[in-house]
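Trainee: I am new to this structure and would like to learn how to read its features one at a time. Could we look at it together?

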Number of protein chains: 4
Amino acid sequence: MSKLWEKANTKVEDIIVSFTVGQDYILDKELLKYDCLGSLAHIKMLRKIGLLKGKDFVALKNGLKEIYRQSLNNSFEINLEDEDCHTAIENFLIKKYKDIGKKVHTGRSRNDQILTALRLFEKDNILKINILILEIALKFINFAQRHEFIPLPGYTHYQRAMLSSIGMLFSSYAESLIDDSELLISTLNIIDKSPLGSAAGYGVSLPLDRAFSAKIMGFKEVHNNVIYVQNSRGKFELSIIHSLINTLSTLNKFSTDMILFTTKEFAFFTLPDNLTTGSSIMPQKKNPDVLELIRAKSNAIIGYYNEISSVLRNLPSGYHRDYQIIKEPLIKAFKTTRESLEITLFIADKFQVNIENCKNAITKDIFAADIALEDTQKGIPFRDAYKSALEKISNININFVDNLKSKNHLGAPGNLGLNKIKQNLKMALSDAKKISNAFNKTIENLLS
Amino acid sequence: MSKLWEKANTKVEDIIVSFTVGQDYILDKELLKYDCLGSLAHIKMLRKIGLLKGKDFVALKNGLKEIYRQSLNNSFEINLEDEDCHTAIENFLIKKYKDIGKKVHTGRSRNDQILTALRLFEKDNILKINILILEIALKFINFAQRHEFIPLPGYTHYQRAMLSSIGMLFSSYAESLIDDSELLISTLNIIDKSPLGSAAGYGVSLPLDRAFSAKIMGFKEVHNNVIYVQNSRGKFELSIIHSLINTLSTLNKFSTDMILFTTKEFAFFTLPDNLTTGSSIMPQKKNPDVLELIRAKSNAIIGYYNEISSVLRNLPSGYHRDYQIIKEPLIKAFKTTRESLEITLFIADKFQVNIENCKNAITKDIFAADIALEDTQKGIPFRDAYKSALEKISNININFVDNLKSKNHLGAPGNLGLNKIKQNLKMALSDAKKISNAFNKTIENLLS
Amino acid sequence: MSKLWEKANTKVEDIIVSFTVGQDYILDKELLKYDCLGSLAHIKMLRKIGLLKGKDFVALKNGLKEIYRQSLNNSFEINLEDEDCHTAIENFLIKKYKDIGKKVHTGRSRNDQILTALRLFEKDNILKINILILEIALKFINFAQRHEFIPLPGYTHYQRAMLSSIGMLFSSYAESLIDDSELLISTLNIIDKSPLGSAAGYGVSLPLDRAFSAKIMGFKEVHNNVIYVQNSRGKFELSIIHSLINTLSTLNKFSTDMILFTTKEFAFFTLPDNLTTGSSIMPQKKNPDVLELIRAKSNAIIGYYNEISSVLRNLPSGYHRDYQIIKEPLIKAFKTTRESLEITLFIADKFQVNIENCKNAITKDIFAADIALEDTQKGIPFRDAYKSALEKISNININFVDNLKSKNHLGAPGNLGLNKIKQNLKMALSDAKKISNAFNKTIENLLS
Amino acid sequence: MSKLWEKANTKVEDIIVSFTVGQDYILDKELLKYDCLGSLAHIKMLRKIGLLKGKDFVALKNGLKEIYRQSLNNSFEINLEDEDCHTAIENFLIKKYKDIGKKVHTGRSRNDQILTALRLFEKDNILKINILILEIALKFINFAQRHEFIPLPGYTHYQRAMLSSIGMLFSSYAESLIDDSELLISTLNIIDKSPLGSAAGYGVSLPLDRAFSAKIMGFKEVHNNVIYVQNSRGKFELSIIHSLINTLSTLNKFSTDMILFTTKEFAFFTLPDNLTTGSSIMPQKKNPDVLELIRAKSNAIIGYYNEISSVLRNLPSGYHRDYQIIKEPLIKAFKTTRESLEITLFIADKFQVNIENCKNAITKDIFAADIALEDTQKGIPFRDAYKSALEKISNININFVDNLKSKNHLGAPGNLGLNKIKQNLKMALSDAKKISNAFNKTIENLLS
């Protein structure tokens, strides 16, 4: 089938078609399913406002459902000649239903069509990622509880600083993830608007019921001004990717810590053999590749942010073909985030704790600040106490667990609030699953 | 005065001091005021838990208020030898109050001290920026209302596409800014936690009342896990800067549009002479430097995001001196954002509209899609209507305003919802000012 | 076949294998061919130093040549279980040649194996890209010569500034590309070192003849220090990508200019219909998608730079699995650069010039600086002449071509030096092809 | 004094002036000296072509020399009202020499004036940085020689891999720096072109002798096409900053290694007390802040690259005010690079080596690959030897120095080629100083 826009008397050069289509016909496989859903919402709206008659509507609906089913088992073909999934869908419907197929694009542009597909794709991914984040946080909190008072040296500047604990370390990751979930959901809240009906960015002279189509797709509201809808392309994606970067930054901290703490020199934790990989030349190697790749992916995603950001600079209002380039880094950002979270969920609580190594690394100098602070309670000005603390160190005899428990202000190792955090996490996770289920229910309804 | 940590028997090399202090003693002038406020909260808390006696408390409070006053007129000196504002404050208090001064650091580390100062600085800036965003949005909406049905060509791919209007264009900026405000406040909501009392990142054996100090500084809650408090350094700043990037991306769109639309070739708008600048060689030039610099600054801020992001990669938990480097891009990001918003507020509604030029640029081909869509209402399948529309163009005679009004679905030029947006904006602005006033009141109370 | 390093008693979890292998088994198809070449060099060296006997050598050579041939028609399979192309090759050879196959990895690590494959891949791509750059430059110079004195308004700040010409504009692109070629070749000159024989980054106790293998692969020299060889991973790729960014920045300028100059409002040039694409909703649209995508890709590549840069931060010496992540942005950077250059070469001289539009846009104010400068030749101080020039404008009558020719200092429109540039370009292109042919000859020899 | 371009009847708004001037009047202090040099070259050229008479020339020369002298002790004032250093210079000359001063801008624009000043500034900095790079490399080689066969564990994946040495580690830094110097000088070679005489980017109708002014400023050649001269703004700076990033990436590796190797857990090296800094709360701390800040600055500079890169996206040919924004990241990039190199030069060879700790960390498993490779020399296929090597480890007894020396292929620890590298470095350093001296001599001549 031909391109939607091809003029009778002009044959566009093949090299131009091939260059402009680029990877779209491959990437769009990820979006096809969502494009069907957006199109279903569109024809339901057209029927409601009387622009599609019953029979035509049923044909188009069946056609779209068929494509949807094919998209699930990856059997629907999108060819380079189709340019993109939008055209492939229209071509399929025209081939199957003739003139009826030619009606599916009534009141639409590919501009709002792709925006709708992307936004459904984004919402679906965000809801799934949010569940993963909270599940990992819960595992970390459980691990923290199991090892709440196992002492660790606490480091600043890579140097031993003060007494820390496994409980404190792992609940720090959990609290970080809770914030990450909040930012992600805040971002979703901003983008949760239906672009459908914005057409090419200047509206159409048809009585489109945008509120209706927004509602049946489960969007919170209509994305109102149709120019702004177009201008949100890339802008919203940048915020999404930032919130993924923010999430992965917690995994960067976790993996960086664990790579350090599983070295032979630190050896506070051991990564079980069945989670390690080997070397092609050195028979003895058991490498933490899994941690290194979590770390690396948490960094690579910065590139996707910059890819989109660079493409967006200094483009005036309205659609530009440049926006096509945004698809790939967006799809990759979601993929890399989901994979990183899934593997982190798998390994989160599988580290072996080497208690003796932890204890042996706690040298007395770690308690210098404690000694100084103890003196301040006797009225000695802190700066003086600080200066005399080092001399007293050799005489001290400190029970690590007592020391940890003595630090009992909010957030200190003796008062981490793990139970409360756990309770909150369970509620958050239950909520996250409810929202996700509601979204799935919306999809089912669209397909019915 | 000497550094806080200098050992009796070791003289650190001057070149090391100078390199490690870097710009801190200059940059910290921006933070000094907030450091005083954080320190005031700390000593009030120390008094409450009995670690500071009444007389000592009064002395330290007076000292801190004196520094605060000096910070306002930039008369407090921070020298390279002081390293940073934290040390300068302690040195000042020790010089003035001797042993009492030595007590101000009880239960603190510079690690939580700088975090507290930064977070107050961030909150103050975010609240001010939020007001600016909403004020600009209101000006744009007013401008949109004044020119609601002035027709403009709507562009896609830099090519004339469909009919647009000044009302639609300027309200698109306003709606974008409303989202920007929402993201900024969502970000504030996440970082609105008190780091005070986290010390070096591992807590202290003193009964610090972190909830109390959080409350008197106006924070929403305590930033709980003290390791996570340290690990939030840079992480939170990255989210803040992303939300500033997001805000400036709207100004990028606005300035890019206006630079194009004030060229001699487009000429839909004119920038008044008293807003233009000239050339050193070409006497005729009236350049839109102000728009170009809004555009450029909206791009430069991407650099600050990457500066912080790059510094953070692969650092394990706990404080690292690397975090010092984050101050400068953060301070600059706020400065560049505030300046860009202030100048945008100044010029937002000063453009002269060249109505005739607008109309003359509306060539008939702009209505091709309208013709095709009109046919669909007669039952012609859209794809067929599309193919025959071009032939009909020469015969049409279209009233621009009627055409705009005929597009009356949500968000289209005939149904922009300007009144409702304006009403919401006024409420949002009133709320933003209330929150900002509440923050100022908190500061006053801290100083009392 | 199994992984090279799998231990008898440990089964690594499937999810770990799948996560760590990632896209490698797909991406490595791009590298397979070069890995065969590096392996051929390695076994030729092993034979030379006596570590491979004649019969074994011939078997391995035949095996590698067979894989090479399969790589050319994409028929060699790399499975997820193989992990990467290195293992796939070794598994193939072992399967086919039993114990002989087990010898191919003697004195190697996958660390130096991938480095060698990448560097050959990089060199091949750079040489091809360099030819494309120079070919485009030559087309631009030819176009400049054909339209040397067609006048154009010259713009600063998007505002008409002084008289320009098509000759000057298009030769500016050509000169920019000449610099781009120089940077690319300078970068090649730095990376043109053989990593082969560096093993895992610490050398081996075998008398490897690294100079020999470097020579037969056509490298300029041996990459000496074996730790530095490992540490160059990513470092060299960043320099390569910067030089590609630098090249594409010229295309960004070109495409941005042409998008502006082919608008209806400027209309100095027309993109022929067979190079434009259309809209799904607006029948009249002829969009410069090809230019927009050249522009967008020239920006997207910034993301690849940041992707690699972010992965590299704060990694100590020696191999880390993080380096695996660098492959994808590198491969994509070459691909996007080559495609962008190829399409630019195709369209470079196909623009229609609308001479009347060019002339009509040259308003008299454009000559204000000329008038002022003319007065300086009569002894009037420039700043005074500047101030009185505007009054004289209405009286002038300027022949555009004369004006262009009167600007005859070096690089001005009357003295662009096109012939000389053209001559230099032809020589450079001839050299570039020679070097490329020499590289191809080296490959042939490796395969013989 | 007023702005150069102010029109009689239009008063530009103060807020516009203040926003557009921005930091320029402060930043330009760094450039003032170079602007004087460029202006001196310009008036010498004007005299040569007869556009400046002897008396006028002498006056202007004296004026410019006076400003140059003031620039050296930072006593020349640039006010916000001046906008920039170019105007401040012209205003100074007009104030002092009346009508003669008004002649200094003959045939110039601030566009080529700033380009000339920047390029001289860049060249001066690059030449100085190049010397520093080579001096550090020489120190590293000397350190490597002093500790050539001190054994260290060699790491991959942060895990012990094979035997390494201090000699090999430190010469890896040196070799990396040699490449960095080469890239920097290659970049200089590309930008070493005189922009003077390109005026506003479209040339002038005066017989400017651009070759003459290029020569007396010491540029390699004239930057020919005057549009390309303008378009090189930012483009050249991006290449410069990339080569600084490349240089600092070597320091990133060095500082990251040393931070790890000076931890209590690794402890292969000790940073002397007088190079460490302390904590405000923990009396025992001796932190490697100096290394952390070298690391952090090597990362922060990525932000400057992105700042410039983002500003440049999608700007058409010709000057835009956006280019002003490039100054600050450029100046900061040079500053941060020079400071980082200077401090690295200071500490490069001051690390204490803890030989016993090094040896103790060399566990037997490190030799597993050696054992396997030894077997291959007996004819055992490598993959089989690999599989049986681990069993043999407990029986081995290895002399570390012998093992290091047995690895004697090029670049291995037994054959690092230190003497040759050292000799090459000394020659390179001598050359670098010669070029730098020649540049200084050029400046002297300009001032004479």
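Mentor: Let us begin with contacts, bearing in mind that this is a predicted model. Once neighbours within four places in sequence are set aside, A:F170 is in contact with A:F140, A:F143 and A:A144, and also with A:F254, A:M258, A:F269 and A:A348.

Trainee: Which residues touch the most other members of the largest nonpolar core?

Mentor: That core holds 656 residues, and those touching the most other members are A:F170, B:F170, C:F170 and D:F170.

Trainee: Is D:K235 buried or exposed?

Mentor: A residue counts as buried when its relative accessible area is under 20%, and D:K235 is therefore buried, since its relative accessibility is 6%. D:K235 lies in helix α10 of chain D, which covers residues 235–261.

Trainee: Which residues does D:K235 touch, leaving out those up to four places away in sequence?

Mentor: From chain C, D:K235 touches C:S176, C:D179, C:D180, C:N246, C:S249 and C:T250, while from chain D it touches D:Y228 and D:L312.

Trainee: What is the volume of the second largest pocket, and which residues are the closest to its centre?

Mentor: The volume of the second largest pocket is about 1400 Å³, and of the 50 residues lining this pocket, A:E328, A:K332, C:Q23, C:E328 and C:K332 are the closest to its centre.

Terms used:
Residues numbered from 1 in each chain as written. Chains lettered and ligands numbered in written order. Predicted model: local features only at pLDDT ≥ 70, side-chain atom pairs only at ≥ 80, totals over all residues. Heavy atoms only, no water. Helix = DSSP H or I, 4+ residues; strand = E, 2+ residues; numbered from the N terminus. Buried < 20%, exposed > 50% of the residue type's maximum accessible area, 1.4 Å probe, protein only. Contact = heavy atoms within 4.5 Å. Core = buried A, V, L, I, M, F, W, Y, C linked by side-chain atoms within 4.5 Å. 1 Å grid on protein atoms, 1.4 Å probe; cavity = no way out; pocket = protein on both sides within 12 Å on 5 of 7 lines; lining within 4 Å. Points joined across faces, edges and corners; volume = space filled by probe spheres on them.
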